[in-house]
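Me: I'd like to go through this model and ask what lies behind the labels. Can you set each value against its cut-off?

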Amino acid sequence: MPEVVSPAPAIDDGLPGRLAPSRPALSYNLAFLASLVLAGLFTQLLARRLTASRWGSLCAGVAAVAAPYRFGLSDRLELQGIGWLALALWLLLRFLERPGLGRSLVLGLGLAAASLSSVATGVLTLGSCLVLGAFKLFR
């Protein structure tokens with residue numbers, strides 16, 4: 001009997017599949033939970049940098065985690081990586097505050113993480129960083 005090949009990539013093709021290879025549902029749930037935690041943390045860091053308000057940044061982090069689109073698209077794990085956008089913007093603000101080789105490398109890693117999450121997230125993150133960088137430099 002010929003082997004049936006699925007046209008859709010299996011969940012074992014990326015990091016979620018490596019977390020628990022014999023249990024794909026557990027792998028997916030762990031990756032989804034990690035994306036929620038990271039999005040809340042990174043958004044809180046960015047909001048704290050922009051507002052200097054502890055409570056305001058906490059509310060921003062909670063709002064990022066509880067955003068309706070996250071749960072409306074919960075079956076699309078690659079779109080859950082939007083937290084990398086907040087991380088990249090936070091790293092960009094730190095780099096613009098005090099430029100240096102180390103900070104530029106870390107910013108590059110943040111942009112790479114966003115791009116590895118999905119192409120759409122990478123493009124959105126790069127565009128947002130360009131706009132924020134231009135605004136900060138030319139203001």
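Me: What makes a residue count as buried here, and how many of the 139 residues do?
Reply: Buried means under 20% relative accessible area, exposed is over 50%, and partly exposed lies in between (1.4 Å probe, protein chains only). By that rule, 33% of the 139 residues in the protein are buried. Bear in mind that this is a predicted model: local features need pLDDT of at least 70, side-chain atom pairs count only at pLDDT 80 or more, and totals for chains, interfaces and linings use all residues. Numbering starts from 1 along each chain as its sequence is written, and side-chain values use heavy atoms, with hydrogens and water left out.

Me: What is the secondary structure made of?
Reply: Seven helices and zero strands, where helices (H or I, at least four residues) and strands (E, at least two) are DSSP runs numbered from the N terminus.

Me: How do you know that the span of helix H2 agrees with its number of residues?
Reply: The expected span is 1.5 Å times one less than the number of residues. For the 28 residues of H2 (residues 24-51) that should be 40 Å, and the end C-alpha atoms are 40 Å apart, so the two agree. Buried residues in H2 include Tyr28, Phe32, Leu36 and Phe42. Just after H2, Ala52 has a positive phi of about 60°.

Me: Why is Phe42 called buried?
Reply: Its relative accessible area is 10%, so Phe42 falls under the 20% limit.

Me: And why is Trp84 called partly exposed?
Reply: Trp84 comes out at 25%, so it sits between the 20% and 50% limits.

Me: How many aromatic pairs does a search of the whole structure find?
Reply: One. Phe42 and Trp84 form that pair, 5.4 Å centre to centre with 45° between the planes. It links distant parts of the chain, with Phe42 in helix H2 and Trp84 in helix H5 (residues 83-97), 42 residues apart.

Me: Why is that pair called tilted?
Reply: Rings of Phe, Tyr and Trp (its six-membered ring) pair if their centres lie within 6.5 Å; planes under 30 degrees apart count as stacked, over 60 as edge-to-face and the rest as tilted.

Me: What makes Val62 count as exposed?
Reply: Val62, in helix H3 (residues 54-65), has 51% relative accessibility, so it passes the 50% limit.
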